[in-house]
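Open the model in your viewer and keep the selection tool at hand. The tour goes stop by stop.

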Amino acid sequence: MAELPKTLEEAITQSREAVKSALADSVTRIQVDFLLPELKFMPVAEQFLPVFAEYESRVKVFFADAGAAALARRDWQDVPFKVEDIGTGRAASLQTKIQPEDEIFLFIAPTSVEVPQLEKMCKIIDTRPIVFLNPRLEDSGVVGIGYAARETRRRFISTIESCYYLRPVDDESALFRCYPGQWEVWLESNNEYEKIAELPKRPSGDEIDMILMKGQPSTTSEGTPAKKPSVFKSLQRFMKALSS
């Protein structure tokens, strides 16, 4: 099973393997999250692309807006696949964006603003596999917190499997998942991170707080926590490099 990564490069490599494993298990809606501060999604997306190499021109990549799509087309001139924007057109225009020969789809950093359009596109895509890279699909200020938001979550967002997830909870703890592994909580101790809990489902904020308050190993497979160097401290230089 994957352990907490020491570098951003290692995290991206882990995420690619997690996606491949999920695809092999016939998971068709896959989410990958690098929830790290100051991280720019375009360089991460470029490093993530090799996971689709075998599909060649049968990959379709979507950005949230036309500007980001145009930038990617400029910078990724050697890629064999097409890059589009999600857009805000009618269903008829969506049919032109999604072709029968497209076998797999990558949506890069879509937000809650695009959820209505995204849901329509996913209906057209149907059972073909979709990967969402660093999406922000839930925002109570946009999607809402009432019945409509609950229905959107039930009908669409809940159908997406979180296959890779890396997020610092605070300066000393992290939440991590790498498919097919479980959700893990890691805590820093003596300048190292140790796994203190494994859970079958993503824990809520309150559940994470309870685990961190105990600060002791819980439901680990080997019985003793694994240790790794401080991932978020070592990631700082990589984030700076990506920002340059």
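Buried means under 20% relative accessible area, exposed means over 50%, and partly exposed lies in between (1.4 Å probe, protein chains only). This is a predicted model: local features need pLDDT of at least 70, side-chain atom pairs count only at pLDDT 80 or more, and totals for chains, interfaces and linings use all residues. Residues are numbered from 1 along each chain as its sequence is written, and side-chain values use heavy atoms, with hydrogens and water left out.

**Stop 1**

Select aspartate 102 and lysine 60. Both are buried. They form a salt bridge, with the closest N and O atoms 2.9 Å apart. Aspartate 102 sits in the loop between helix H4 (91–97) and strand S4 (104–108), and lysine 60 in strand S2 (residues 59–63), so the pair ties together parts 42 residues apart in sequence. The rule for a salt bridge: a side-chain nitrogen of Lys or Arg within 4 Å of a carboxyl oxygen of Asp or Glu. Helices (H or I, at least four residues) and strands (E, at least two) are DSSP runs, numbered from the N terminus. How many salt bridges does the rule give? The count is 10.

Next, select arginine 136 and aspartate 33. Their side chains meet in a salt bridge at 3.8 Å, N to O. Arginine 136 is in the loop between strand S5 (130–133) and helix H6 (147–155), while aspartate 33 is in strand S1 (residues 29–34), so this pair ties together parts 103 residues apart in sequence. Is aspartate 33 buried or exposed? Aspartate 33 counts as buried, at 2% relative accessibility. Arginine 136 is partly exposed, at 38%.

Move to helix H1 (residues 8–24). Lysine 20 pairs with glutamate 17 in a salt bridge, the closest N and O atoms being 3.7 Å apart. The two are three residues apart in the helix, so about one helical turn separates them. Lysine 20 is partly exposed at 39%, and glutamate 17 is partly exposed at 43%.

Then select Glu184, Lys195 and Glu198. Salt bridges link these residues in a network.

**Stop 2: the negative patch**

Select Asp170, Asp171, Glu172, Asp206, Glu207 and Asp209. They gather in a patch of negative charge on the surface. A patch takes residues with over 30% relative accessible area and no salt bridge, and joins like charges within 9 Å. Helix H7 (residues 205–214) gives the largest share, three residues. Aspartate 171 is in the loop between strand S6 (161–170) and strand S7 (173–178). At 71% relative accessibility, aspartate 171 is exposed.

**Stop 3: cysteines**

Select cysteine 178. Its sulfur is 9.1 Å from the closest cysteine sulfur, in cysteine 163, which is too far for a bond. Cysteine 178 is buried, at 9% relative accessibility. Cysteine 122 is buried too, at 1%. A disulfide needs a pair of cysteine sulfur atoms within 2.5 Å. The count by this rule is zero.

**Stop 4: backbone**

Where is proline 180? Look in the loop between S7 and strand S8 (183–189). The peptide bond from tyrosine 179 to proline 180 is cis, with omega near 10°.

Now select serine 26, in the loop between H1 and S1. Its phi is near 65°, a positive value in a residue other than glycine. Serine 26 is exposed, at 59%.

Finish at glutamate 38, in the loop between S1 and helix H2 (41–48). Phi of glutamate 38 is near 65°, a positive value in a non-glycine residue. Glutamate 38 is exposed, at 69%.

Terms used. Patch = residues over 30% accessible without salt bridge, like charges linked within 9 Å, V, L, I, M, F, W, Y side chains within 5 Å. Areas by Shrake-Rupley, 256 points an atom, 1.4 Å probe, with all protein chains shown as cover. Lys, Arg positive; Asp, Glu negative; His and termini not counted. Charge placed at Lys NZ, Arg CZ, Asp CG, Glu CD.
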